[in-house]
Amino acid sequence: MASSIFNFLLTFLALSNLVLLSQSQVTRAPFKPNGLVLPVFKDSATGLHVANITKRTPQQSVPLLIDLNGRFLWLNCENNYFSSTYFAPFCHSTQCSRVGPHSCNKCFSNSPRPGCHNNTCAVTTTNPLTRQTAIGEVAQDSLSVQSTTQFGSNVGPLVTIRHFLFACSPSSLLQGPFPKNVQGVAGLGHDSVSLPIQLASHFGFLRQFTLCLPSSSQKNGAIFFGTSGFSGTQTGNLTYTPIIIGSQGEYFIPVRSIRVNNKLVPLNRSSLISTRSRNFGGAMISTTAPYTVLEHNIFTAFTQFFANQFSGVSRVNPVSPFGLCFNSNNLSSTSVPNIDFVMQNKNVTWTIVGTNSVFQARPGVSCLAFVDGGQNPKAPIMIGVHQLEDNFVQFDLARSRLGLSSSLLSRNTSCSNFNFTSTSFVNEME
C-alpha cells in the first residue's frame, strides 16, 4: 500500500513538473511582430520631423531627427549617457565590419565612458543639416520600438533589440538648425545597419518601411516597418516606381519630366541628369530638406511656367528662401494648379496638390514651396519634407520600388489618423 502511494506521488510530481515546464516554455516564447510603428512629430520651428526612440537600460526616450538617407543611427553620448547594456565592440570585430569602413578608436581618457574607449571602432558621422562631420564610436545597446497588430492598424507590445548597432558622436555635431532637444539622428538609408534594415533583419519581416509624416505639429504621424498601418481604402491604389540607390545609400526615383496643370514644363532633358547622382534622371527624396530643391535652370523654368499657369492670382515680393510668392487673401489650396512628377513613363506620376505645393510664409502671403538649389546641387531635384507630408510613401526595398499615394487629405484622412492609444507591454527578444 505504501509502495502504491509512493509511486502515485512520484507520478504526480513528474506530471506537475511537465506542466510547469510547458507553461514556462510558453511564457518565455518570444513575441515575433509582423511590423513596428514609430510615432513621429513635426517640429514647428524647423518644419523637420523627430521621433522619440526608446534606448538604453534602464529605458529612456531619446528624441532623434529623422534622416531618410542617413546610413545609421547616431547620437550624442557625451552628456548623461548611462546604460548597463552599453558595449563598444573591439576594432576589426564582426560588429564593426557590418558598419563598413572604420578605423581603430583612440580615446585619451583615464576613465572610459560611452563614446570614449580605446581599441574600439571609429566611424565618420555626419550632421545632415550642416554636413559637418565628426568621429564617432561604434557601439551597441538596447533599442525598443512599438509593434503593430496583425494588420498594422493598432499598436501591440513594445519589443526590444538588445544589441542594436549605432554610433556615439560628440555633442559638437549637434550644432546648427536642429529641432530643440534632439540628441542625434535616426538614419533610414539603404545600409546594413540603418534603422529599418536592422529591424527587418532582427525580427524577420519584410524589408519595407513607410513614411507618413504629419503636416501639423499638434498630432503625430508615423513610420511603419514591415506592415503598412493604413488600409487600402485609406490610401487608395499606390503608384509604384523604381527606387534607385545612391552611392551612400540615398533613395532616388526616376523623374523624367514635370507637368503643371497637366502641361509639360519645357526643360532640357540633360538638366534632369546629374553626374553626382550616377548619370540617371532622378530625384532624391529627403527628410532633412524642408522644401523641394531644384537645380537653378530647372527652378527658373519651373517657376516661370507655374506663374503663367497661375496668372489669375496677384504676385507679391518673394519671401526668403522662396522665389515665387502670391497674395493669398483670396487663395484656396484647391485653386492651386497640380504639379506632376512624371516618372518611368507618362502614366506613372506623383501628383503634388496645393497643400503640398504652396506654403504660407506669413499672413496674406503664400509661396511656391520649391527653392533654388544653385548650379551644382547633389541632385537635380531633391524632394523635400513639405511635399512628403500627409502622403503615404512606401519604401519596398525587397522589390526595389517606391509606392506613392499622393495626398491623403483628398481621401478625408491624414498621416495623423493612426491609433497610438492601445495599451502595450514590454516583451524583450534576444
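Student: Where does S172 lie in this predicted model?

Tutor: S172 is in the loop between strand 8 (155–169) and strand 9 (184–187).

Student: Why does S172 count as partly exposed?

Tutor: Its relative accessibility is 31%. Buried means under 20%, exposed means over 50%, and partly exposed is in between. S172 at 31% is therefore partly exposed.

Student: How far is S172 from A134, in sequence and in space?

Tutor: The two are 38 residues apart in sequence. Their C-alpha atoms are 8.2 Å apart in space.

Student: What makes helix 3 (residues 195–203) largely enclosed by the rest of the structure?

Tutor: Burial. Seven of its nine residues are buried, so the helix is largely enclosed. Those residues are L195, P196, I197, Q198, L199, A200 and F203.

Student: What comes just after helix 3?

Tutor: G204, with a positive phi of about 75 degrees.

Student: Why is F203 called buried?

Tutor: The relative accessible area of F203 is 3%. The limit for buried is under 20%, so F203 qualifies.

Student: And why does F205 count as buried?

Tutor: F205 has 12% relative accessibility. That too is under 20%, so F205 is buried.

Student: How many aromatic pairs does a search of the whole structure find?

Tutor: It finds 16. One of them is formed by F203 and F205.

Student: Why is the pair of F203 and F205 called stacked?

Tutor: Take the distance, then the angle. The rings are 6.3 Å apart, centre to centre. The limit for a pair is within 6.5 Å, so they pair. The planes are 10 degrees apart. Under 30 degrees counts as stacked, so this pair is stacked.

Student: What makes the pair of F310 and F326 edge-to-face?

Tutor: The ring centres are 4.9 Å apart, and the planes are at 70 degrees. An angle over 60 degrees counts as edge-to-face, so the pair gets that label.

Student: Which parts of the chain does the pair of F310 and F326 link?

Tutor: Distant ones, 16 residues apart. F310 is in the loop between helix 5 (296–309) and strand 19 (315–316). F326 is in strand 20 (residues 325–327). Both F310 and F326 are buried.

Student: Which residues form one aromatic cluster with F310 and F326?

Tutor: F302, F306 and F370 belong to that cluster with them.

Student: How do you know that K55 lies over the face of F166?

Tutor: K55 is 3.8 Å from the ring centre of F166. The distance limit is within 6 Å. K55 lies over the ring face.

Student: Where does the charged end of R401 sit?

Tutor: Over the ring of Y240, 3.7 Å from its centre.

Student: What lines the largest pocket?

Tutor: The pocket has a volume of about 750 Å³. It is lined by 29 residues, with D67, T126, P128, R131 and K378 nearest its centre. Strand 6 (residues 120–126) gives the most to the lining, four residues. By class, the lining has 14 nonpolar, nine polar and six charged residues.

Student: What lines the second largest pocket?

Tutor: The volume here is about 290 Å³. Of the 17 lining residues, K42, S215, F359, H386 and E389 are closest to the centre. Helix 6 (354–357) and helix 7 (385–388) each supply at least two residues. The lining has six nonpolar, eight polar and three charged residues.

Definitions and conventions. Residues numbered from 1 in each chain as written. Predicted model: local features only at pLDDT ≥ 70, side-chain atom pairs only at ≥ 80, totals over all residues. Heavy atoms only, no water. Buried < 20%, exposed > 50% of the residue type's maximum accessible area, 1.4 Å probe, protein only. Phe/Tyr/Trp six-rings, centres within 6.5 Å; stacked < 30°, edge-to-face > 60°. Lys NZ or Arg CZ within 6 Å of the ring centre and 35° of its normal. 1 Å grid on protein atoms, 1.4 Å probe; cavity = no way out; pocket = protein on both sides within 12 Å on 5 of 7 lines; lining within 4 Å. Points joined across faces, edges and corners; volume = space filled by probe spheres on them. Nonpolar A, V, L, I, M, F, W, Y, C, P; charged D, E, K, R; others polar.
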